[in-house]
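Trainee: I would like to learn how to read helix packing and strand pairing in a model. Please take me through an example.

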Amino acid sequence: MNPVPRGVDPADIKLKLVWRGVESISSRSAPQPRSVLQMRSPRHWGIVLAGGDGVRLRELTQYVCGDDRPKQFCPLLGERTLLEEARQRAERSLPTDQILFALTRSHHKHYLRYLADRPSQRIVQPSNKGTAPAILCSLLSIARADSNAVVSILPCDHYYSREDAFSATLEQAFDIAEQRRGSIVLLGAEANGPEIEYGWIETGESIDSHLGLSRVKAFHEKPSLPAAAALFRSGSLWNTFVMVGPVQVFLDLARNSVPSLMRELEPEFAKLDPRGEVLIPDAPYNRIHPIDFSRQILSPSNDRLLALPLERTEWSDLGDPYRVLVTFVQKNGYLPDWANLWLHEHMTRGIAVGA
């Protein structure tokens, strides 16, 4: 591993990201975090989303692991995989036996290595049908165990420069969700530029200026550059897809917005044995189409949504190869050999195509 990549200036990688509107490095100094709550509520649950196929990063993960495994099972930013990091992140704030992992059957050989000790917390879908079915299957499992649960939904392909600050904000979101039992709290990252590859949360009426809590006015998924610039100027937030709310509120929103999907899933969960790994049958998944949770469940229900800014930490969605490399440099101060090889190959291919 080299402190300075051979033939590649890390500043060039950063420049590519700035040009493409995906700059994620900030020079802002982070204030001291508030103390983290020591007591964990028995009603607090978590869902770690780890069932994606990682198509956009497949060519990069081949350099890291030598195969085409999804990114959540790769050590992209250090020695631990993204799934291991997400599990540790969740366990800082939640009881370890109240964290479910939304997975996909075809990834069995990968996830079993990291979750062999948690069989009853594995919610395994037969195929990847988007974020909504994976989240709803996990919510139905939680509702069966605790109908009064307050649930956090946690993607595993994220980076936070300060994990303690993320934990403090997550616990703050739990507090708000407990007090406002009819609402869902969305964690939004403070934008540092007109990002066009992220989703945005357009904020509305202020609820608590001290916390920065506001109502959600609208969602914008991968906007055009002029639209992103307008959202940035208005103080809108990047959508981290981290959210917290009562399990029954999540399920009620789904019953209202995607009733046919709920009619497929709910009867199946009434029949499943909750004592071991939850294997969702093929039949309901064969009858449904991919459904996006933000677009098709949250967006029609803006009046039930609140936005809470994620402060004192830089956030990145590791969905783009160059963003992964910039985040690695930000976190570790160098690029590893596999990144140098990928960059060399990627630029060589680009030159060949250009020729």
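Mentor: We will go through a helix pair and then a set of strands. Keep in mind that this is a predicted model.

Trainee: Which residues of H5 and H8 make the contact?

Mentor: H5 contributes Leu136, Leu139, Leu140, Ile142 and Ala143, while H8 contributes Val247, Gln248, Phe250, Leu251 and Ala254. Of the residues in this contact between H5 and H8, 9 are nonpolar, 1 is polar and none is charged.

Trainee: Now the strands. What should I know about side chains in a regular strand?

Mentor: In a regular strand, side chains alternate between the two faces of the sheet. For pairing, look at strand E7 (residues 199-208) and strand E8 (residues 213-221): they run antiparallel and are joined by 7 bridges. Opposite Trp200 stands His220 of E8.

Trainee: How many residues lie between E7 and E8?

Mentor: There are 4 residues between E7 and E8, and the two strands form a hairpin. In its turn, Gly212 has a positive phi of about 80°.

Trainee: In which sense do E7 and E9 pair?

Mentor: E7 pairs with strand E9 (residues 237-246) in the antiparallel sense, over 2 bridges. Ile201 has Leu237 in E9 as its bridge partner.

Notes: Residues numbered from 1 in each chain as written. Predicted model: local features only at pLDDT ≥ 70, side-chain atom pairs only at ≥ 80, totals over all residues. Heavy atoms only, no water. Contact = heavy atoms within 4.5 Å. Nonpolar A, V, L, I, M, F, W, Y, C, P; charged D, E, K, R; others polar. Pairing = 2+ DSSP bridges.
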